[in-house]
Amino acid sequence: MTNEQYQEAIDWLFVQMPNYQIDGQKAYKPGLDNITKLCAYFGNPQDKIKCIHIGGTNGKGSSSNMLASVLQEAGYKVGLYNSPHLIDFTERIKVNGKNCHKEFVFDFIQKLKNIPEDIRPSFFEFTTIMAFEYFYQQQVDYAIIEVGLGGRLDSTNIIKPLASAITNVQLDHQNILGDTIEEIAAEKAGIIKKSVPIISGDENEAVKAIIREKAMKEEASFIDATLLHTDLASDLKGNYQRKNIRVVLSIIEELRKQGINITDKNVENGLLNVHKNTGFIGRWFEFSKDPLTICDTGHNQAGLEYVFSQLNSINRRKHVILGFVNDKKIDEVMNLLPENSEFYFAKPSINRGRHPEDYEKLLQEAKIFYKIFNSVQEAYLSAKERCTSEEMIFIGGSNFIVGDFLEKNLEFKE
């Protein structure tokens, strides 16, 4: 297999199939019929691996990587399924921090081209069965599966996990999941299974009540992670990670109850070595110290509130590079923008990336100092030229903005 053949296979996967990452809502295919048929066609590999299921509006990527790091420190072989990827497709499927083999991806795509015509899966369904099969072939001890979107109808919801977690519930993807926190909470609570413990990390009493009620219906233990107090820290540096740490510790306690051997030292080391153990980047990621340059993939109102609040706590002038996709409510973001900042708006390089000219009226009304660029790299080079050593650069607003930036610059980083 050559690099060209691999790229052709990946292009086929992205272009031929409905793909939420590229097309947004019209590619969303809720329901478990397709994934059920697809898994059956490949011999139901998801039933042959031990899984932990992690959902939530924000924090599920960080939480799943922290948990993977802890389990790796405990000596286990750990599969990790996250989305979306930032640079390369293989980031979505990892074993002990290593991206899945490109040869496996290429070979599996050839098999996907020959599935029965009546199945017709989406891009995410294809990727999900690919992860299950890879973890089965790699004989992982545990597979941590991140929910793609929502929960109840997400294709990952075919698994019967050892434990499940919902990190939090915030307004996001309202055009798909519902207009209220309560509606979205009900969708996310759909991952709760019969007798499978559910960890809840949300402080909102209405959200807790919905998750607790579903847990009672399913005769599942309800664990409120917000009651946990800990001084443990992680190398993932966003202030919001404190809440994710509580969720991870609560999951670990449930796994221990099931006889899984995880020492306190494993937990401490795992939380402190997430980058090293899993290769996870993009959450309050310090790209450089001179000038201080930080990336964060927070992209909905709640996520950006946390990120911009942390930015405001840094006593430096900021050069803030932002970009958004078509379904984001940009007027809400305008009310959150960090203080003491110059802004550089750019279009993410995917189909559903929104060009800043489309929302320039909102920028003008916000009375901020801003410039518009066609690409993240143009914005970054402009910010870098203007940024002094006492100032800082921030890149965010979307997974895809951060991905565009890292793809261009990570390999050149010293």
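Buried here means under 20% relative accessible area. That cut-off applies throughout these close-ups of a predicted model.

**View 1. Y344 and F373 form a stacked aromatic pair.** The ring centres lie 6.0 Å apart, with 20° between the planes. Y344 has a relative accessible area of 1%, so Y344 is buried. F373 is also buried, at 12% relative accessibility. The pair links distant parts of the chain. Y344 belongs to strand 13 (residues 341-346), F373 to strand 15 (residues 370-373). The two residues are 29 residues apart.

**View 2. F343 and F345 make a stacked pair.** A pair of aromatic rings is described by two values, the distance of the centres and the angle of the planes. For F343 and F345 the centres are 6.1 Å apart. Their planes meet at 25°, so the pair counts as stacked; the cut-off for stacking is under 30 degrees. F343 is buried, with a relative accessible area of 3%. F345 is buried as well, at 0% relative accessibility.

**View 3. Five aromatic residues form one cluster.** The members are Y41, F42, F104, F108 and Y134. Rings pair if their centres lie within 6.5 Å. By this rule the model holds 19 aromatic pairs.

**View 4. A lysine lies over a tyrosine ring.** K48 sits over the face of Y136. The distance from K48 to the ring centre is 4.8 Å.

Key
Residues numbered from 1 in each chain as written. Predicted model: local features only at pLDDT ≥ 70, side-chain atom pairs only at ≥ 80, totals over all residues. Heavy atoms only, no water. Phe/Tyr/Trp six-rings, centres within 6.5 Å; stacked < 30°, edge-to-face > 60°. Buried < 20%, exposed > 50% of the residue type's maximum accessible area, 1.4 Å probe, protein only. Helix = DSSP H or I, 4+ residues; strand = E, 2+ residues; numbered from the N terminus. Lys NZ or Arg CZ within 6 Å of the ring centre and 35° of its normal.
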